[in-house]
Amino acid sequence: MKKVARKHGFRVLLHEKPFDGINGSGKHNNWSLSTDTGVLLHAPGKTPEQNLRFVTFIVETLMGVYRHNGLLKASIMSATNAHRLGANEAPPAIISSFLGKQVSELLEHIEKADKDDLFVVAGKQKMELDIPEIPELLIDNTDRNRTSPFAFTGNRFEFRAVGSEANCASAMIALNASVAEALTDFKKRVDARIAEIADKAEYAEGSEHSATFHAIIDVIREDIKTCKPIHFDGNGYSDEWVVEATKRGLDVEKSCPLIFDRYLDKESITMFESLNIMNRKELKARNEVKWETYTKKIQIEARVLGDLTMNHIIPVATHYQTRLAKNVGSMREVFSPEEADKLCARNIKIIKEIAERTQIIETMVEELVNARKIANRIESEREKAIAYHDTVEPKMDEIRYHIDKLELTVADELWTLPKYRELLFIR
């Protein structure tokens, strides 16, 4: 990509949010499960039994995502992806799942219908499930809610929160493990339920009411209710959703270093160890790397920002200010004091604005350096990353705000760096 871009006079940016206020860049992980014979488990079928299988895998996927929504967020979080999430085009930093009208209504039908009504007798030895046929157009009726981080789109889910710089493996490990745990738990509960009801004559295998079907329906109905908080088809960008997600018990944390803690939750460690994926020590070691990587990225950005500010921005702004001051002085030599003040009012206003902003910027850069020094003395990688997030990053945002204002004020020919509009549009 980089070679091809340079060949045509372009540059590839894999940063998730290189331009503030403009669409960033991420990955959509199209994800589904199938059998070793090619049967797609997240696709609806043509019979009620096949659709029960479809519902089972949809619901158990949601169960995995619900139980480990914080971990899934941790799997896609980074210093750069944090800028993208919830901004312009990207899903928010709250994991939820869009299902669409048809699947939502189907799950609601199974949850709320009288259990006996879900079974339709058709002859002495045949039992049919009252699970509506799912139209084939479902696959074409894909999700248009771009604010959903984990959306069902016909025959698969799309995990849309992965960043453009990221290796997808991290997110896939967390997602696969979460669903594997949910399916394992589902199997145990179904087996237990079968054992409870199998000795009842009316549920004997081969009769109108199969113990297996009843056990699956019982567990599915429980899980539909349990995982309801993860199901959200609305606007993920709204402030109301943050409040609602908090009520639902979903992870709404936005601090990248704190989100990484989800890897070390008791539930996460139990899941990874029970599935023989990673043990506690491996998870801790990986988290140390995550915290250190976050710190170093912010540290590099802060040092570069300080250098650009003091060696480019301030000198250029001061040079322009001096030019304007000379102009004002010249005008006072030509015109009367009253006329000069009137004619130079705009330049005087700009001179004052530049003076105020450069003073604020210089003070903020000094505070930024001091905040870095304090954070660098912290031994714990976790606490150091938190300090960088809480004390260093906010100062960078403030400096950036005032520099953006100067960029709009200083004469174009004097500005040594590419201006924001020049980065976005080819001249």
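Analyst: The turns below set values against cut-offs for this predicted model.

User: How do you know how far to trust the model, and where is confidence lowest and highest?

Analyst: The mean pLDDT of the protein is 88, and 89% of the residues score at least 70. Confidence is lowest in strand β3 (residues 119–121), with a mean of 45. Helix α10 (residues 266–274) has the highest, at 98. Over residues 120–128 the pLDDT is below 50. Beyond near neighbours in sequence, that stretch has 16 contacts in the model.

User: What makes up the overall fold, in helices and strands?

Analyst: The protein has 15 helices and six strands. Of its 427 residues, 43% are buried. Among contacts with a separation of 6 or more, 73% join residues 24 or more positions apart.

User: Why is the pair K112 and E108 called a salt bridge?

Analyst: The cut-off is 4 Å between a side-chain nitrogen of Lys or Arg and a carboxyl oxygen of Asp or Glu. K112 and E108 meet at 3.1 Å, N to O. The value is within the cut-off, so the pair is a salt bridge. Side chains of opposite charge can pair when their charged atoms come close.

User: Where do K112 and E108 sit in the helix?

Analyst: Both are in helix α5 (residues 101–112). They are four residues apart, so about one helical turn separates them.

User: What makes E292 and K296 a salt bridge?

Analyst: Their closest N and O atoms are 3.1 Å apart. The limit is 4 Å, so the pair qualifies. E292 and K296 both lie in helix α11, four residues apart, about one turn of the helix. E292 has a relative accessible area of 31% and is partly exposed. K296, at 45%, is partly exposed too.

User: How do you know that R332 and D341 form a salt bridge?

Analyst: The closest N and O atoms of R332 and D341 are 2.7 Å apart. That is within 4 Å, so the label holds. R332 is partly exposed at 41%, and D341 is partly exposed at 38%.

User: How many salt bridges does a search of the whole structure find, and which residues are linked in a network?

Analyst: The search finds 25 salt bridges. R67, D185, R189, E222 and D223 are linked in a network of them.

User: Why can F335 belong to a nonpolar surface patch?

Analyst: A patch residue needs over 30% relative accessible area and no salt bridge. F335 has 32%, so the area condition is met. F335 lies in the loop between α11 (280–334) and α12 (337–343). V334, F335 and L343 form the patch, with about 280 Å² of accessible area together.

User: What makes the phi of N276 worth a remark?

Analyst: N276 has a positive phi of about 55°, although it is not a glycine. Most residues other than glycine have a negative phi. N276 lies in the loop between α10 and α11. Its relative accessible area is 71%, over the 50% cut-off, so N276 is exposed.

Definitions and conventions. Residues are numbered from 1 along each chain as its sequence is written. This is a predicted model: local features need pLDDT of at least 70, side-chain atom pairs count only at pLDDT 80 or more; totals for chains, interfaces and linings use all residues. Side-chain values use heavy atoms; hydrogens and water are left out. Patches are made of residues with over 30% relative accessible area and no salt bridge: like charges are joined within 9 Å, nonpolar side chains (Val, Leu, Ile, Met, Phe, Trp, Tyr) within 5 Å. Accessible areas come from the Shrake-Rupley method with a 1.4 Å probe; for residues, only the protein chains shown count as cover. Helices (H or I, at least four residues) and strands (E, at least two) are DSSP runs, numbered from the N terminus. Buried means under 20% relative accessible area, exposed over 50%, partly exposed in between (1.4 Å probe, protein chains only). pLDDT is the predictor's confidence in each residue, from 0 to 100. Contact means heavy atoms within 4.5 Å.
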